[in-house]
Amino acid sequence: MMTRAAAWDEARRLVVCEGLDYAAAAETTGLPLSTLQKRASAEQWKKQAKVSADYNATVRALKAITLEKAIESMRNAETPKDAIDAAQLLYAWKTAEGAYPEHRYTAAQDPKARRAIQVGTLEQLVAFLEREDRHALAALAPHLASFASELERADG
Amino acid sequence: MAADRTPALRRGFILLALHGQYPLPLARPMFERAVAAFYTGDDAGLARDIAYLIEKKLMTVDTERLMNRAVETCKLTAEGCDVVEGATQIPGVEIVRA
């Protein structure tokens with residue numbers, strides 16, 4: 001059960017970072033809708049959500065340009081110095097990717113990419129449970145196939 | 001040959017990073033940590049972009065005293081806030097709109 005303060009923080013996060021509407025945020029956090037609407041309006045949550053979305057879009061653009069530059073420099077590298085410069089650009093992209101992982105900044109437009117991430121996460125979970133808690137894995141196993149089917153259906 | 005958008009995008013990214021704190025300042029070490037990923041191997045680039053944004057009056061860097069220590073802080077200006085929120089546009093600053 002969330003404290004009142006935690007519910008407000010979560011409601012703001014849902015609206016600003018996840019893009020939920022006020023009704024969904026109110027339902028999720030148990031806060032009264034009219035109160036949430038008033039506070040969200042006074043604190044300009046929708047404006048903050050717009051800026052948050054622009055932030056994500058700018059991060060994606062910067063990462064894409066960084067990667068393009070790294071690939072271009074590798075393609076055109078002719079001298080050892082070129083190769084070193086290309087390696088530095090690749091390192092710069094890797095640092096950016098590490099700080100802003102793709103799965104957090106991909107607007108969910110590519111179902112295949114999203115599914116690859118979901119499958120990868122599921123495989124990691126299975127591997128983890130195989131090492132750490134086989135009982136939990138045995139309990140989960142009957143549901144894995146139907147869960148995978150549900151993911152595929154959701155992607156269309 | 002297409003112009004390199006990186007400088008303008010990085011400046012936009014700096015303003016976006018500061019907007020979360022607006023109107024409050026952000027301590028310089030925290031600010032640099034927030035933007036460092038896109039300046040890997042290019043410390044001079046960060047200094048240049050900060051100087052540009054200060055000159056354009058979109059951000060400020062001040063020294064404040066906190067518990068008897070000098071703390072450098074970075075802050076978005078009202079003009080910088082307008083750029084982030086889309087009310088104004090500056091040619092050397094790019095923010096990708098979702």
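Modeller: Before we start, two strands pair if DSSP finds at least two bridges between them; strands (E, at least two residues) and helices (H or I, at least four) are DSSP runs, numbered from the N terminus. Residues are numbered from 1 along each chain as its sequence is written, and chains are lettered from A and ligands numbered from 1 in the order written. This is a predicted model, where local features need pLDDT of at least 70, side-chain atom pairs count only at pLDDT 80 or more, and totals for chains, interfaces and linings use all residues, while side-chain values use heavy atoms, leaving out hydrogens and water.

Biologist: Thanks! What's the strand order in the sheet of chain B?

Modeller: E1-E3-E2, an open sheet with antiparallel pairing. Strands E1 (26–27) and E2 (59–66) of chain B each have a single partner strand, so one side of each lacks a neighbour in the sheet.

Biologist: And which residue is the bridge partner of B:Leu26?

Modeller: B:Cys74, in E3(B).

Biologist: New topic: is B:Arg11 buried or exposed?

Modeller: Buried (under 20% relative accessible area, against over 50% for exposed and partly exposed in between; 1.4 Å probe, protein chains only). B:Arg11 has 15% and is found in helix H1 (residues 6–19) of chain B.

Biologist: How many salt bridges are there between chain A and chain B?

Modeller: Three, counting a side-chain nitrogen of Lys or Arg within 4 Å of a carboxyl oxygen of Asp or Glu. One of them joins B:Asp4 and A:Lys69, with the closest N and O atoms 2.8 Å apart.

Biologist: Which element gives the most to the side of chain A that touches chain B?

Modeller: H4(A), with 15 residues.
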